[in-house]
Amino acid sequence: MSFLNYIPKIHIHPILFIFIIISFLTGTFLELLIIFALVLFHELGHYIAARMMKWRIRYIVLWVFGGVMDTEEHGNKSMKEEAFVTLAGPYQHLVVYYLCFLMEAFQLIPASILELILYYNTIFLLFNLIPVWPLDGGKLLLLVVSYFFPYKKAYQFTLIFSMVFITLILVLQLLFFPFTLSSFFIWAFLFMENRNDWKQRSYVFMRFLLRRYEGDAAIKGVVPLTVAPDSSFLDLFSRFRREKKHPIYIVYAENNRKSVDEADCLQSYFYEREYNQSVGDAFLYK
């Protein structure tokens, strides 16, 4: 494998160009350059950790205040592994603090620039730990909620919580704090990202199910599920949890039960395409 295969593909989000124009107009290009370098260093932390875990990575999208590593693995790897990759980004800021200490000790850069690096490094670290999707704090929130609830419900809760949180921040900023265009753009952009992800939530859930159907999901426990025979497959799948294998018990009339493996249910839905059949009818004579 060549060296180029280890270099991530990097896409620049259009919103970054808006901030470049603002920085030229306001004379803050140095600040933007520092923020961009911190964003890139942050995302490289995620990338290196993901490569260590042998994740499949498409590319990295950079914004002015963060980025997203586009990968096929979210929702399917173990939660411990996903937490490791998520925390690898914030960890990079601790490395920046150490590098700043060395640069100060050896007087490698002017003190004024060093102060800017430390200031924006702290802001960026704290900002990315806010529990809003798709910031690192939002990803950690999804992992915590997924530990207690099915994946579909946990994902939807994270998006709804994020949009409500952002709305409250915008209201507080407009009513009680000095208005800044940059801050408004950032929160508005995050809200739109969550709104778009909400529209795509069914696709995300189907991707989660397909990975399970393909056997590409971490399993660390067993949780049986009992369903009525008239339940649809999607109703059943909405109860699937991360890292849990689900033996399915279909309860027919007179309390007759039939045991079905979750893989058979996924096979019936994705391979045999029994979309309109209930779970009970699909396995009645099998």
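Select strand β2, residues 57-62, together with β3: the two pair in the antiparallel sense over five bridges. Strands here are DSSP runs of E with at least two residues, helices are runs of H or I with at least four, and both are numbered from the N terminus. Two strands pair if DSSP finds at least two bridges between them.

This is a predicted model, where local features need pLDDT of at least 70, side-chain atom pairs count only at pLDDT 80 or more, and totals for chains, interfaces and linings use all residues. Residues are numbered from 1 along each chain as its sequence is written, and side-chain values use heavy atoms, without hydrogens and water.

Now click Ile60. What stands opposite Ile60 in β3? Met69 does.

Move on to helices α8 (residues 201-213) and α10 (residues 262-270). Their axes come within 10 Å and cross at roughly 120 degrees. Axes are lines fitted to C-alpha atoms, for helices over the stretch in contact; angles run from 0 to 180 degrees between N-to-C directions. So α8 is oblique to α10: under 35 degrees counts as roughly parallel, over 145 as roughly antiparallel, 65 to 115 as roughly perpendicular, and the rest as oblique.

Finally, colour the contact (heavy atoms within 4.5 Å). From α8, pick residues including Met206 and Leu210; from α10, including Leu266 and Phe270.
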